[in-house]
Amino acid sequence: MDEMEFWELVDTTREAAEGDPEDQADLLVEQLLQLDPESVLDFARHFESRYNRAYRWDLWGAAWVLLDGASDDAFDFFRCWLIGQGREVFEGAVHDPDSLADLLGDFDEEIDGDGEDLGYAADEAYEQLTGVVAPDLGIAPTPAEPEGTPVDFENDRVLSERYPKLWDRFRE
């Protein structure tokens, strides 16, 4: 599976789920079950590499503003959700986290921002296909600390200055 096929699966399942990340994860498992186990592992590698790439302080700050706070787990689930939003939103957010204010349509705090189930879709599909747990993907693990300069999440002034568009749209 190449990168284009990866994003195509992400996009088609998000559209079919009408943006609901839990439904998207279920649809993703269904789609992955149509593939061979190695292709499922390829999907998992694509997903995991983007998940690791999004482990950045500046993106965590954006998640903090969007979600009105983001613990370690909440940021993990946010990164899964962000991948589930598709290539344009993901790449835009990694390049400029404040651009999420422009890239996101409606944002429903009840369902958006938490894509925990998306993070398990490939593992679930692989196990259903093979009867065994997915092997190590052979990619570097998530770094111990996020990339970049830490953000003072508790300082509203810092957050509003660093993420002016997100702050205006989601916090005021």
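## Helix α4 and its cover

The buried residues of helix α4 are covered by elements that include α5, α6, α7, α9 (156–162) and α10, where covering rests on contact, meaning heavy atoms within 4.5 Å. This is a predicted model, in which local features need pLDDT of at least 70, side-chain atom pairs count only at pLDDT 80 or more, and totals for chains, interfaces and linings use all residues. Residues are numbered from 1 along each chain as its sequence is written, and side-chain values use heavy atoms, with hydrogens and water left out.

Of the 11 residues of α4, 10 are buried, so the helix is mostly covered (buried means under 20% relative accessible area, exposed over 50%, and partly exposed in between, with a 1.4 Å probe and protein chains only). The buried ones are W57, D58, L59, W60, G61, A62, A63, W64, V65 and L66. After α4 comes D68, which has a positive phi near 55°. Helices here are DSSP runs (H or I, at least four residues), numbered from the N terminus.

Now look at which way its residues face. F6, W7, L9, V10, T13 and R14 are buried in α1. They cover an arc of only 155° around the axis, which puts them on the same side of the helix; the arc is that of the directions from the helix axis to the C-beta atoms. An α-helix has 3.6 residues a turn, so residues three or four places apart point the same way. On the other side of α1, M4, E8, E15 and A16 are exposed. The cover over the buried residues of α1 includes α2 (21–32), α3 (37–53), α5 (72–84) and α6 (87–95).

Both ends of this helix have something to show. At its start, a side-chain oxygen of D2 comes within 3.1 Å of the backbone nitrogen of M4, and just after α1, E18 has a positive phi of about 55°.

## Aromatic pairs

The whole structure holds 14 aromatic pairs. Rings of Phe, Tyr and Trp (its six-membered ring) pair if their centres lie within 6.5 Å; planes under 30 degrees apart count as stacked, over 60 as edge-to-face and the rest as tilted. The rings of W60 and F75 are stacked, because their centres are 4.7 Å apart and their planes at 5°. W60 lies in helix α4 (residues 57–67) and F75 in helix α5, so this pair ties together parts 15 residues apart in sequence. W60 is buried at 7% relative accessible area, and F75 is buried at 0%.

F107 and F170 make an edge-to-face pair, with 5.6 Å between centres and 70° between planes. This pair links distant parts of the chain, 63 residues apart: F107 is in the loop between α7 (100–103) and α8 (116–130), and F170 is in helix α10 (residues 164–170). F107 is buried at 15% relative accessibility, as is F170 at 19%. Ring pairs link Y55, W57, W60, W64, F75, F78, W81, F107, F153 and F170 into a cluster.

L35 is in the loop between α2 and α3 and is partly exposed, at 28% relative accessibility. Leaving aside neighbours within four places in sequence, L35 is in contact with M1, L9, V40 and L129.

Conventions
Helix = DSSP H or I, 4+ residues; strand = E, 2+ residues; numbered from the N terminus. Polar contact = N/O pair within 3.5 Å; in protein donor to acceptor, adjacent residues only side chain to side chain.
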